[in-house]
Structure formats: C-alpha cells, structure tokens
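Welcome, and please open your viewer in cartoon view. We will go from stop to stop, and at each one you will select something and look around.

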Amino acid sequence: MNIKVCGINSFKQLQQLDGLDVDFAGLNFYKESPRYIGDNINPEELVSADLDVKTIGIFVDADYDTIIEAVETYNLDIVQLHGEESPELCEDLSEEIEVIKVFAIPADKDVDIDKLVAPYDAVCDYYLFDTASEGKGGSGKKFNWESIKKAKIEKPFFLGGGISVEDAAELKAFKHPDFFCVDINSQFEKSPGEKDMGKVLEFKLAVK
C-alpha cells in the first residue's frame, strides 16, 4: 500500500520519511494553513538532496504561474489542487506535471462520486478523496468509504480524511481496483507540520 504523509514543513522530517521508505510527502503552499511551508524548507537544499520520497505541492485556488513557480523552485514531483480549480487549469498544469485533484466528500450524506469527478476525468492524473470541512483543507475526520466502493472512478486515487493507526485493519480490507495510496496527516502529528515518526512507522507496518 502506497503511503502519503501530508503537511510536512521541515527538511529533517522529509529525510525521516525517506528513511522510512514512505512514498509521498505533501508540502503545503497554502498560506492560511497551519502547515504552510513558508521558509521552513530551503528549496536549494531540497533540490540538491538525493531523496526517493516524492514531493507533492498542495495548493488552494492558486493560479497557474504561482503553481509552476513553486514546482520549479522546489522541484516538485506532483501538484495537489485542494480548492475550486477548474478542469481547464488542471489540463494546463497536466502538460507540465502530474496533477491530483481533491474532492471533499461530506461525512453525513451519500455522494455520486462518478458524477463528481466526471469533469476532471481527462485532465488530471489522480484523484484524492477527503472529508469535507467548513474551511479549506482537510477536516481530520473520516467520511463513509461506502460511497467510494460503489463508484467506478477508473483513475488512481488517494484516500484521506482523518485516517489513523487504528484504521489500519479497515484499510487492508478496503477493496477498490483504483485505490492507489492512503493519505495521512493530522492523526500523526505532535503539532501542525510536525509528524510523530514512530506513529508513521507503526502505521506502515500495520498496513503491510
């Protein structure tokens, strides 16, 4: 099972994730987020590092030029769009870099997932399903995965939304042909942006 740890904002923790053979690390470029990367990671240090963990830049309603500038400065591998980005923007970006489009799923009602993702089917590389919240970004809560199980989707997707170590068994039992990666964040934090690597390792071993 591929694992993405989101909301990393120190180079040391990137190195630690790399040492744990974690697949993806999310770097948050949304200034309103408590996990905003800011000046916490020196882009030159990151670019020159020999890391296997792939870096994903998280953006919320940023424009094309802002996203591409960050991609080039930090040598990002993938971009994750967490706002109301249009299919047209996704298409433009996908000509330069792989794109994850995020969809916020309400925790308390059923959603037609296939209808929700249809406008983006031809213009991005992955989907990410997260729990809807009042603000931008993740909620730290889970939604009902049954809506995902019933959908065709037909594109690799990340599954997020308040996932913790205690969800390992349920994740191992979760079956969908396009399930690509689990996205973990707030349930593994000591403070915003600082992950408990012991918990990350425990989770990795539990979902193997």
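A residue is called exposed when its relative accessible area is over 50%, and buried when that value is under 20%. Keep in mind as you look that this is a predicted model.

Stop 1: Eight of them form a closed barrel in the order 1-2-3-4-5-6-7-8, with parallel pairing. From one strand to the next, the twist averages 30 degrees. Now zoom in on strand 3 and strand 4, which pair in the parallel sense over four bridges. Select Ile58 and look across to strand 4, where its bridge partner is Gln80.

**Stop 2: helix 3.** Select residues 64-74, which make up helix 3. Which residues of helix 3 are buried? Show the side chains of Ile67, Ile68, Ala70, Val71 and Tyr74 to see them. These five lie on the same side of helix 3, because they cover an arc of only 160 degrees around the axis. An α-helix has 3.6 residues a turn, so residues three or four places apart point the same way. The buried residues pack against helix 2 (43-48), strand 3 (54-59), strand 4 (78-81) and helix 4 (87-94). Just past the end of helix 3, click on Asn75, which has a positive phi of about 55 degrees.

Stop 3: Next, select Phe129 and Phe203. Within the largest nonpolar core, which has 59 residues, these two touch the most other members. Helix 3 supplies the largest share of this core, five residues. There is also a second, separate core of nine residues, with Ile56, Val102, Tyr126 and Leu128 among them. Now show helix 8 (residues 197-207), which lies across strand 1 (2-5) and strand 8 (179-184). Helix 8 runs at about 160 degrees to strand 1.

**Stop 4: aromatic rings.** Tyr127 and Phe129 make a tilted pair, 6.2 Å centre to centre with 55 degrees between the planes. Both Tyr127 and Phe129 are buried. To finish, select the aromatic cluster that includes Phe103, Tyr120, Trp145 and Phe174.

Note on methods:
Residues are numbered from 1 along each chain as its sequence is written. This is a predicted model: local features need pLDDT of at least 70, side-chain atom pairs count only at pLDDT 80 or more; totals for chains, interfaces and linings use all residues. Side-chain values use heavy atoms; hydrogens and water are left out. Buried means under 20% relative accessible area, exposed over 50%, partly exposed in between (1.4 Å probe, protein chains only). Helices (H or I, at least four residues) and strands (E, at least two) are DSSP runs, numbered from the N terminus. The arc is that of the directions from the helix axis to the C-beta atoms. Contact means heavy atoms within 4.5 Å. Two strands pair if DSSP finds at least two bridges between them. Axes are lines fitted to C-alpha atoms, for helices over the stretch in contact, and angles run from 0 to 180 degrees between N-to-C directions. A nonpolar core is a set of buried Ala, Val, Leu, Ile, Met, Phe, Trp, Tyr and Cys residues joined through side-chain atoms within 4.5 Å. Rings of Phe, Tyr and Trp (its six-membered ring) pair if their centres lie within 6.5 Å; planes under 30 degrees apart count as stacked, over 60 as edge-to-face and the rest as tilted.
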